[in-house]
Amino acid sequence: MNTTIINVGIIGLGEVAQVIHLPVLDSLPGQYKIVALCDISPQLVAAMGEKYRVTNLYTEASELVKQADIDAVFVLNSDEYHAECVIAAANEGKHVLVEKPMTLTQSEADAIIEARDRNNVKVMVGYMRRYAAAFEEAVKEIGGFDNIHYIRVRDIIGPNSFFVQQSSNVLTFHDIPDELKEDKRVRAERLVKEATGLDASSPYSSLYRLLCGLSSHDLSAMRELIGMPKRVIGSKLSEIPTASGGNFLSSILDYGHFGVTFETGVDAQGRFDAHIELYSSTKSVRIQYNSPYIRHLPTELHIVETAGETFKQSVVRPTLTDPYTRELRYFYDAITKGTEIKTTPEDYKNDLAIFKMIIDSLIAQEAAAAV
C-alpha cells in the first residue's frame, strides 16, 4: 500500500527546531521528509543541512516557499516574522504548521486567515500541549464534573537552557547581520504597541511577550477545557530586578460561578511546574506537564476522587509518546485525510483576546491607584 509522504520545508533552525521539530520529523519517515531548510544564519543552515542530509538550503524564507516539491512549511522562526512567512507559504499553495505564538496582533491573525482561505490550505498552530494524550483524557474526565468550583492554571519554570544544555547540543553561530537584529527589535516594538498601545519602556510590554510565549500554552489549553473567561477581575505583576529573574504574574479570571487563578513566571530554578487543576466538590483533575525540551518525559493525569467513605488517588500516564509527535500525526491526518484541526488561527485569536484582557486589567489598576 502506498503511503503519502509530506515534503516539509522548515523556516527557522533555532533551539525549538533543533531540539524538537527536526528530530521528530526525522523519526516519522513514513509520513514526513525534510526537503528544505532556511535560517538567516548561513552557517547554521549549512550545519543543519549536513546533519539532516538536506541540500536545498536558503537564507530567505521567501525563496524556500517557492520550492515546487514542498507540501508543507513549518514556520519556527522568531514570532515577529510568523505572519509574513505563513502568508508567503499559503500564497504558494503550501500547508503550514506555525509555532506559537502564531502572531502578536489580531490584524496579523486576520491576514493569515484570509490567505489560508483564499489558497485553500491548512494552517495549524503548534500548541502541542493540547495534543498530549493526558490532556485529551482530562477533557473526558472533566466532562463528568457536576459543577466546577475552582481552577488553577500555573506555568512557573526555570530557564529552558537548564534543560537544553544538559540534554541536547544546540548549535548557534554569530553570523547574523546587525541590520537584521535591528529589524527584529523594531518589528517587535511596533507589533506590541499595535496589540497593547504600550511603548517598549513599559514593563507590561515585556509581559505581553511572556503571555504570547510561555503562557499561551496554558491559556489555550484552559480554553479548550472550559471556554473563554467573562473578564479578568484583577492582576498583579511582580518584577524581579536581576539578570536571573523575570516577571511573575498572577491573575484572577471570572467564569461566572467560579474563578480561575492564573500564575506564570520564569526564575533561575531548575524545575518545570506547568499544570492545570480543576476542582469539584468530590473530584479534582490535574494535568501535569514536563519540560518539552526533554522528549518523552511524560505528561500525567492526576485524579483525586471521594465516593462515600472511599478516597482514591490515581496517576494516569496514557503513553510515553511525546505531544510533539502526536501533534505532527494530527497535522499529517489533516493534510492527507482532511481531518479537522482544533488549533486553528481562529482559535488562536481567542488567546490574543485574553492576553489583552490581562494587560488591560493591569493598566486599569495602575490608573485607579494613581487617582
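Trainee: Where does Asn120 lie?

Mentor: Happy to start there, keeping in mind that this is a predicted model. Asn120 is exposed, with a relative accessible area of 69%. As for its place in the chain, Asn120 lies in the loop between H5 and E6.

Trainee: What is the phi of Asn120?

Mentor: Asn120 is not a glycine. Even so, its phi is positive, at about 55°.

Trainee: And is Arg53 buried or exposed?

Mentor: Arg53 sits in the loop between helix H2 (42-51) and E3. The cut-off for exposed is over 50% relative accessible area. Arg53 has 61%, so it counts as exposed.

Trainee: Let's step back to the whole chain. How many helices and strands does the protein chain have?

Mentor: Both kinds of element are present in the protein chain. The count comes to 11 helices and 14 strands.

Trainee: What radius of gyration does the protein chain have?

Mentor: Along the principal axes, the C-alpha atoms fill a box of roughly 65 × 60 × 45 Å. For 371 residues, a compact globule would have a radius of gyration near 21 Å. The protein chain agrees with that expectation, at 21 Å.

Trainee: What share of the residues is buried?

Mentor: Contacts give some background: among those with a separation of 6 or more, 71% join residues 24 or more positions apart. The accessible surface comes to about 16,500 Å², with 50% of it belonging to carbon and sulfur atoms. Of the 371 residues in the protein chain, the buried share is 52%.

Trainee: How far apart are the mean positions of the positive and negative charges?

Mentor: The protein chain carries 37 positive and 50 negative charges. Their mean positions are separated by 3 Å.

Trainee: Now the sheet of 6 strands: which strands stand at the edges?

Mentor: This open sheet has parallel pairing and the order E3-E2-E1-E4-E5-E6. A strand at the edge has a single partner strand, so one side is left without a neighbour in the sheet. The two strands in that position are E3 (57-58) and E6 (123-126).

Trainee: Which residue in E5 stands opposite Val73?

Mentor: Strand E4 covers residues 72-75 and strand E5 covers residues 95-99. The two run parallel and are joined by 4 bridges. Opposite Val73, the residue in E5 is Val96.

Trainee: Is Leu104 buried or exposed?

Mentor: Leu104 also has its place in the loop between E5 and helix H5 (106-119). Leaving aside neighbours within four places in sequence, its contacts include Asp79, Leu191, Tyr208 and Leu352. Under 20% relative accessible area means buried. With 0%, Leu104 counts as buried.

Trainee: Which residues does Ser205 touch, not counting those up to four places away in sequence?

Mentor: Ser205 belongs to helix H9 (residues 203-226). Its relative accessible area is 9%, so Ser205 is buried. Beyond four places in sequence, Ser205 touches Val192, Leu198, Asp199 and Ala200.

Trainee: How far apart in space are Asp273 and Ile157?

Mentor: Asp273 lies in strand E11 (residues 272-279), and at 18% relative accessibility it counts as buried. Residues touched by Asp273 include Arg154, Ile157 and Arg286. Asp273 and Ile157 are 116 residues apart in sequence. From C-alpha to C-alpha, the distance between them is 5.8 Å.

Trainee: One last stop, the hairpin of E13 and E14. Which residue in the turn has a positive phi?

Mentor: Strand E13 (residues 300-307) pairs with strand E14 (residues 310-316) in the antiparallel sense over 7 bridges. Within this pair, Leu301 stands opposite Val316 in E14. The hairpin has 2 residues between its strands. The one with a positive phi, of about 65°, is Gly308.

Definitions and conventions:
Residues numbered from 1 in each chain as written. Predicted model: local features only at pLDDT ≥ 70, side-chain atom pairs only at ≥ 80, totals over all residues. Heavy atoms only, no water. Rg over C-alpha atoms; globule rule 2.2 N^0.38 Å. Buried < 20%, exposed > 50% of the residue type's maximum accessible area, 1.4 Å probe, protein only. Contact = heavy atoms within 4.5 Å. Areas by Shrake-Rupley, 256 points an atom, 1.4 Å probe, with all protein chains shown as cover. Lys, Arg positive; Asp, Glu negative; His and termini not counted. Charge placed at Lys NZ, Arg CZ, Asp CG, Glu CD. Pairing = 2+ DSSP bridges.
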